[in-house]
Amino acid sequence: MPEQEAAEQYGTPAREVGEFLRRRRAQIAQRWADESLFRTVFTVSRDEAVESGLAVVEALAAVADGGRVQDSDAAGFDVVRERLARMGASRSRAGLSTARVSTEVDALRPPAEDLLVADLPDAPERVVRDCVTTLTVLMGTLRLVVLETVLSEGQELIERQRLQLLEVATPVIELWDGVVAVPLIGTLDSARSQVVMESLLEAIVDQRARFAILDITGVPTVDSLVAQHLMKTVAAARLMGAECVVSGIRPAIAQTIVHLGLDLGTVVTRASLADALAYALRESDTGRASAGPGGSGRP
Amino acid sequence: MNDGPYPHSAGQVPVLRLGDVLLVTVQGDLYDSTAQRLQDDIGAGVAAGGVTGVVIDISGVEVVDSFLARVLAEIAAGSALLAARTVVSGMRPAVAITLVELGLTLPGLETALDTEAALALLSRGTGGTFREPR
């Protein structure tokens, strides 16, 4: 059969696609440079976009040669993973949803497909069809790789912001001579309350503070775990010789604490930060007054 | 903490008498035998009479275990029987966190930020940092 013979001069579809990609890499890269993905990421120069396109095409060719067109972990992708991550991250920073990025990567397929069909004018229909299918699968894998990198980029961002939140959200402020306060804002988990406890205790040592105020006005909910963390902080501060006052318990939270049956009996509580400060000042005043001559030399 | 590298030369913590106050400054880690001996020394010092307060400064202690916490509580309880108040001063943040995590909040033990605050606390009579909320 003539068609059979014609088909035999072609290798496997993956090999054909790999050869085609290498043969036409300049043209494909030129076409891709005009697609929105490359155009918007490499705004400075078109040459850079073409160069990136070339790198991606060569990576795809390497993957096709290896015959693992469906494998997003194929070694060929490693070379361009960082480049793709940079592109994907730049697109998602520009406010594009993951689906849009996916569409933009998909837009790279038609130009490559057109070139592939034009490149095989004499080949039997079956060979062309197989090659186009392989190229489509390969481009689908590329899409998967880009999405993977975009998502992991998002994960890193979240992790980074979580750490920033830990540092930013727990300032210890000196309210008065010998009085420090921590305004707690947001939900308290164990990691955060550990940071709060440590920074508060450090501040007590540094400022020689007799009083520490934990203001929980900004804490939306208090459950038994949060209450336990508060109690621990209060107990640790007491062990160091400072007195801890909890302020800013909102009515709803007070109700919750009562409903949960939590015993905050050993903790001094005040309605607001101002009340807590007033309490601390009064206490330190009476302490100093009754100390008399030879007592505390604190100014 | 065990007896450390040199069990037979276990150190002694000096107990100084300043007027009616016994001042104990613990430097470095406290081994079990040293702690035991310290407890005996303080007991003897208080029993000698004329002592109304004991100040134990542990600002030089970086590691505390449950045994040492118990010794501190026992010193306080023993001195209280002889009408002397015990104030522990200068506990480090890491030590405080450890004790709280161990569940040893040492109720009944008076605490102060440093030796100066502890002496001031003793000189002004009752009160201190541990009292019932009002």
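This is a predicted model: local features need pLDDT of at least 70, side-chain atom pairs count only at pLDDT 80 or more; totals for chains, interfaces and linings use all residues.
**Entry 1: confidence**

I began with pLDDT. Chain A averages 81, and 92% of its residues score at least 70. For chain B the mean is 82, with 84% of the residues at 70 or more.

**Entry 2**

I traced an open sheet of 5 strands in chain A, in the order E1-E2-E3-E4-E5 and with mixed pairing. Which strands stand at the edges? They are E1 (173-176) and E5 (268-270) of chain A; each has a single partner strand, so one side of each is left without a neighbour in the sheet. E1(A) runs antiparallel to E2 (residues 179-185) of chain A, and 3 bridges join the two. I looked up one partner in E2(A): A:Trp176 is bridged to A:Val179.

**Entry 3: helices on the sheet of chain A**

Helix H10 (residues 190-207) of chain A packs on this sheet and touches E1, E2, E3 (211-218) and E4 (243-247) of chain A. The direction of H10 makes about 165° with that of E2(A). I also followed helix H11 (residues 224-239) of chain A, which lies across E2, E3 and E4 of chain A and runs at about 165° to E3(A).

**Entry 4: aromatic rings**

How many aromatic pairs does the structure hold over all chains? I list 1. The ring centres of A:Phe211 and A:Tyr279 are 6.3 Å apart and the planes stand at 85°, so I record the pair as edge-to-face. The pair links distant parts of the chain, 68 residues apart: A:Phe211 is in strand E3 of chain A and A:Tyr279 in helix H13 (residues 273-291) of chain A.

**Entry 5: the sheet of chain B**

Chain B has an open sheet of 5 strands, ordered E1-E2-E3-E4-E5, again with mixed pairing. I found E1 and E5 (110-112) of chain B at the edges; each has a single partner strand, so one side of each lacks a neighbour in the sheet. From one strand to the next, the twist averages 25°.

At one end of the order, E1 (residues 15-18) and E2 (residues 21-27) of chain B run antiparallel, joined by 4 bridges. The two form a hairpin with 2 residues between them, and B:Gly19 in the turn has a positive phi of about 65°. I noted B:Val24 in E2(B) as the bridge partner of B:Val15. At the other end, E4 (residues 85-89) of chain B runs parallel to E5(B), with 3 bridges. B:Ser89 stands opposite B:Ala112 in E5(B).

**Entry 6: helices of chain B**

I found H1(B) lying across E1, E2 and E3 (53-60) of chain B, at about 165° to E2(B). The axes of H1 (residues 32-47) and H2 (residues 66-81) of chain B come within 10 Å and cross at roughly 5°. I therefore log H1(B) as roughly parallel to H2(B). Among the residues in contact are B:Ile42 and B:Val46 in H1(B), and B:Val71 and B:Ile75 in H2(B). The contact residues divide into 7 nonpolar, 3 polar and 2 charged.

Methods
Residues are numbered from 1 along each chain as its sequence is written. Chains are lettered from A and ligands numbered from 1 in the order in which they are written. Side-chain values use heavy atoms; hydrogens and water are left out. Two strands pair if DSSP finds at least two bridges between them. Contact means heavy atoms within 4.5 Å. Axes are lines fitted to C-alpha atoms, for helices over the stretch in contact, and angles run from 0 to 180 degrees between N-to-C directions. Angles under 35 degrees count as roughly parallel, over 145 as roughly antiparallel, 65 to 115 as roughly perpendicular and the rest as oblique. Ala, Val, Leu, Ile, Met, Phe, Trp, Tyr, Cys and Pro count as nonpolar, Asp, Glu, Lys and Arg as charged, and the others, Gly among them, as polar. pLDDT is the predictor's confidence in each residue, from 0 to 100. Rings of Phe, Tyr and Trp (its six-membered ring) pair if their centres lie within 6.5 Å; planes under 30 degrees apart count as stacked, over 60 as edge-to-face and the rest as tilted.
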